[in-house]
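Subject: Structure handover

Hello,

My notes on what was found follow below it.

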Amino acid sequence: MARIPVYDRQVGIRAGGPSPVNLPTQTTDSQMLQQGVNSLSDAAFVMQRQQDDAQFQDASLNAKTSIQNITDNAQQLQGKNALGSTKAGLQAFDQQISQLQAPQNRQEDWQRQVKAMRLQLGGMLNSHEMQQMNVYRDGQFKGQVDLGVQGAAQTWKDPVAYNLNNATTTHAIDAYGEAQGWSQEQTDAYKQDYTRRAAAAATDAQLAGIRQSMVNQDGTLNTFSGNVQPDQLFAGVISTESGGNQFDASGKPLMSSKGAVGVAQVMPGTAPEAARMAGIPWDENRYHNDPAYNAALGKAYLDAQLKKYDGNAVLAVAAYNAGPGAVDQWIQKYGDPRTGKITNEDFIRSIPYAETQNYVGNVLSRAPSTPQGGGLSAITNTAYFKQLSPQEQSSAIAGYSSMLEQQRNQSKGVLNGVVNDASAALRNGQTPAMMPTREQLISTYGIVQGNQLATQLTNDQQFGHTVNLIKNASPTDQMSILQQWKPTPTSSEDDRQNYQHLQTAINQVNTQRKSDPVLFAQQNGRAQAIDFSDSDKLVSSIRQRESDMQAVGQDWQQPVQLFSQAEAKQLTNTLGQMPPEQAAQTLKTIGSGLDYQGVSMMSAQLGNQSPVYGAVSRMLNQPPVNNMADNRWFGTATKVDPDIAANTIMTGYKAIAPSEMDKKNGIQKMDLPPDAKLQTEFNNQVGNAFYGNSAAASQAFGIFKAAYAGILLTDPKKSVGNNGTAQTIVDSDVAEKAAGYATGGISKSKVILPYGMDEDTFNARIATASDAAFKSAGLNNPSNFTPVRAPSGNYMFLAGGRFAVDPKTGVPISVNLNGSD
């Protein structure tokens, strides 16, 4: 029998495939092959199923992720934006599902799962959309109600429009409540809450309108009309009595220590009578808990007092606080302000009760600040005020009183400074920048204090007239005026203060007049400003100034000046910008229209700024030495030509230290010998001509330097150029000429000559003048004394280091040679 061979082998499977198949060790070849095929088929099926499961799970996971993303996006949509989010979300889900692929053999399972997921997603989206729809509708409703509140604030002036606005809003509340399934009680409560909110908004808007109507743009109150109306007076009463509060901090009716109740602080014993006066039924509960009712009682009682006292606010307010019986007694004792026997102010001061005296003052200080037509009844008589709760009514009245007080204080903050500034200006004789009227003062400070301030300002103005008198009075007249204000033992404190103020004012005036007389004259309208806009206006305005200041000097009985300190500096700067010849010609042109006193003032003030300009001004405008009416400048005895000297000095002055403008004008800096060498030569030239006047000597040396430089620059005989000697060695001839230019001439005996006068003329004139002066003083032999020129230009007489003195006056003897024969 044939034997079948046995195969001992294994069939291996690649990694990741089915497990190895172990073939039977004893079988036929066909059996083994069939078994191998079956094993391979089973393995492929298992692998395919695993792949299908993985694909199904992937699709399911992606679908769930889509649901989560769609839900998250929908949650971001709030209110109106969420409307339609369910439909949009499901459409997005369907679109994303269509892009997912599930195994063909699992389609039935896949569709079941997708339907379940879509149903779940729809439920979540719909829930969010419905919630946001409710939020949106609730917001619409609340917004409509808020608009109704705003409409109430906008229509408070128009009752018809106000009621129409409220009707529209309450209808919307009814509709919303019905749609939401509210109970009637819930709907009514919401409408009641809205009505109070609308009433409060209208009241606040009315208060804001009153505030706006009572205040000017500058923060002050409207001007007092001249009469306090009863409603204005009652507003002051309410503010003073209770600050507008019906209830205290604990919510109980406000009650004083004496038992007065509520906003108007009406006494219990007076309240029923006040109700009868008001024509309303007496209601004790409303008296305690209804602010409008309590205020009506107080207003009726105040009106009764006004009627009793013929509209006199002082008497009526005093009776409101202390009772009419007390007021009648005071009238009998102190006088009746209605008859003029006593003023209202004096009656208030006479009230023996400090509380009532202060009370009347406080009420009358508040009443005028209340705008007419904006009193308390303008608020309490409105329909919307009556819709407020008692607590809200109390708060509204308190807010009204507080608003009036705030506006009054704000107005005070503005007017306090205005009043102080006006008082200071008036007392100094000046016109205030702002002058409050009596009516403005009463509006802010009240009847009593406002009248007092107005009277004080009137007194300040009268005092200022006196101050203006002393500004232009001589010292003698000032003392005479002051004597008229001298207080007596019975004088008031105000009179004593006015006297002290006037003394201080006189001292200040005289100090300012001496410090800068021109500036003081300008500030007080006695002198016009110098016009520097062009040369012609400069000259004409300076000539007018001379005339103005001469009149001022006569009134003040004191020496004056031609320029203010600022003007002298400005003129110096103006001259500094000109070429030398133009600067000299400008000074000459100005001086040609001035008299000797004007020239002297100009020269002195310019000399304080620049000694050179002062000297040039003086030398160009000296009076004639021979009384030659047809020759303004110099007569036949002229030794130094002033025009040549002036141009030479100006040229040298600018060359020593040229400004940038000088350099632009072609002037180059010039170096001179050292000052020590120049000073020595100058001293040799002038000797003791400046005895006792070192300041004049110092100024003359500066002019000498300028003249020395100018001669070198203008004299063709003198070489400057690169000649080093000109910078190291002093030329005596040039120095002598420069000394003559700087002083006007030096005599052989070292006496400064009048500018342009030769020595012979000088000797003749000084001899004549000194003989006359000494004879007048009762002295003899003036020839023993040497003439010395003083800063004033006069000549005094020196011997043995002492000046000759008039024994009758104790004043040094001096003579003036200008203009004498």
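A cluster of rings is formed by Phe 682, Phe 690, Phe 701, Phe 704 and Tyr 708, joined through ring pairs. Please keep in mind that the model is a predicted one.

The core has 77 residues, and Phe 704 and Tyr 708, together with Ile 649, are the ones that touch the most other members. Helix H29 (residues 694-714) is the largest contributor to this core, giving eleven residues. As background, nonpolar side chains in soluble globular proteins tend to be buried together.

What does Phe 704 touch, once its neighbours within four places in sequence are left aside? The contacts are Leu 678, Phe 682, Ala 735, Ala 738, Ala 739 and Ala 742.

There is also a second, separate core, with 70 residues, and Ile 173, Tyr 287, Ala 316 and Val 360 are among them.

**Ring pairs elsewhere**

Over the whole structure, the search gives 22 aromatic pairs. Tyr 613 and Tyr 653 make an edge-to-face pair, because their planes stand at 70° with the ring centres 5.6 Å apart, and the cut-off for that class is over 60 degrees. This pair connects distant parts of the chain: Tyr 613 belongs to helix H25 (residues 611-620) and Tyr 653 to helix H26 (residues 642-656), 40 residues apart. Tyr 613 has a relative accessible area of 3% and is therefore buried, while Tyr 653, at 30%, is partly exposed.

The pair of Phe 774 and Phe 785 is tilted, with 5.4 Å from centre to centre and 50° between the planes. It too links distant parts of the chain, eleven residues apart: Phe 774 sits in helix H31 (residues 759-777), and Phe 785 in the loop between H31 and strand E1 (786-789).

Two arginines lie over ring faces. Arg 106 is placed over the face of Phe 56, 4.3 Å from the ring centre. Arg 427 is placed over the face of Phe 463, also at 4.3 Å from the ring centre.

The largest cavity holds about 50 Å³ of space. Its lining consists of Ala 235, Gly 236, Ser 239, Arg 366, Ser 369, Thr 370, Ser 401, Leu 404, Glu 405 and Arg 408. Helix H6 (230-241) and helix H16 (390-427) each provide at least two residues of that lining, and H16 has the largest share, with four residues.

The largest pocket contains about 860 Å³ of space. It is lined by 35 residues, and those nearest its centre are Arg 618, Arg 789, Ala 790, Pro 791 and Gly 793. Helix H24 (596-609), H25, H29 and helix H30 (732-743) each supply at least two lining residues of this pocket. H24 gives the most, with eight residues.

**Backbone points to check by eye**

Most residues other than glycine have a negative phi. Gln 265 is not a glycine, yet has a positive phi of about 50°. Gln 265 is in the loop between H6 and helix H7 (271-278) and is buried, with a relative accessible area of 10%.

Asp 310 likewise has a positive phi, near 55°. Asp 310 is in the loop between helix H9 (291-308) and helix H10 (313-322). Is Asp 310 buried or exposed? With a relative accessible area of 62%, Asp 310 is exposed.

Asp 146 is located in helix H3 (residues 107-154) and counts as partly exposed, at 33% relative accessibility.

Regards

Key: Residues are numbered from 1 along each chain as its sequence is written. This is a predicted model: local features need pLDDT of at least 70, side-chain atom pairs count only at pLDDT 80 or more; totals for chains, interfaces and linings use all residues. Side-chain values use heavy atoms; hydrogens and water are left out. Rings of Phe, Tyr and Trp (its six-membered ring) pair if their centres lie within 6.5 Å; planes under 30 degrees apart count as stacked, over 60 as edge-to-face and the rest as tilted. Buried means under 20% relative accessible area, exposed over 50%, partly exposed in between (1.4 Å probe, protein chains only). A charge sits over a ring if NZ of Lys or CZ of Arg is within 6 Å of the ring centre and within 35 degrees of the ring normal. A nonpolar core is a set of buried Ala, Val, Leu, Ile, Met, Phe, Trp, Tyr and Cys residues joined through side-chain atoms within 4.5 Å. Contact means heavy atoms within 4.5 Å. On a 1 Å grid over the protein atoms alone, a cavity is a set of points where a 1.4 Å probe fits but cannot get out, and a pocket is an open set with protein on both sides within 12 Å along at least five of seven lines; lining residues have an atom within 4 Å of a point. Grid points are joined across faces, edges and corners, and a volume is the space filled by probe spheres set on the points.
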